[in-house]
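Hi everyone, thanks for coming. I'd like to walk you through one chain and one residue in it, so let's get it up on the screen.

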Amino acid sequence: QVQLVESGGGLVQPGGSLRLSCAASGSIFSIVAMGWYRQAPGKQREFVASKNSGGATNYADSVKGRFTISRDNAKNTVYLQMNSLKPEDTAVYYCNSRLYSSRSSWDDYWGQGTQVTVSS
């Protein structure tokens, strides 16, 4: 069984910063990639950023230059540093990980979500 536990959400003013963390634990053989998605009220869940085991990163156009994803492979943890936050960044942020729980079995796992609210 695999768990992803997020932390770091909250209320911040426009232009402010927040750092999200997500730690994966449980039956993990190897991690292919870790990343973040978000879902605003009334909207579909959308991709935000990801980083694979080779170190390659990918960002949504809407966050490029403002958000930075990083990983601590030893701790199976992914971070999302969010700067210059805008009201339109308000959403529930979900951690995602594609990983192998055994040598031959992989799946996508999700965290429970953490609320980020950008408002004055």
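Let's begin with A49: does this residue count as buried or exposed? A49 counts as buried because its relative accessibility is 0%; buried here means under 20% relative accessible area and exposed over 50%, with partly exposed in between, using a 1.4 Å probe and protein chains only.

Before going on, a word on the source: this is a predicted model, where local features need pLDDT of at least 70, side-chain atom pairs count only at pLDDT 80 or more, and totals for chains, interfaces and linings use all residues. Residues are numbered from 1 along each chain as its sequence is written, and side-chain values use heavy atoms, with hydrogens and water left out.

So where does A49 sit? You'll find A49 in strand 5, residues 46–52; strands are DSSP runs of E, at least two residues, and helices are runs of H or I, at least four, numbered from the N terminus. Leaving aside neighbours within four places in sequence, A49 touches G35, W36, N58, Y59, I69 and L80, contact meaning heavy atoms within 4.5 Å. I28, on the other hand, lies 21 residues from A49 in sequence and 22 Å away in space, C-alpha to C-alpha.

Now zoom out with me. The chain has 11 strands and zero helices. Of its 120 residues, 38% count as buried. Looking at contacts between residues at least 6 apart in sequence, 55% join residues at least 24 apart. Finally, the C-alpha trace spans about 50 × 25 × 25 Å along its principal axes.
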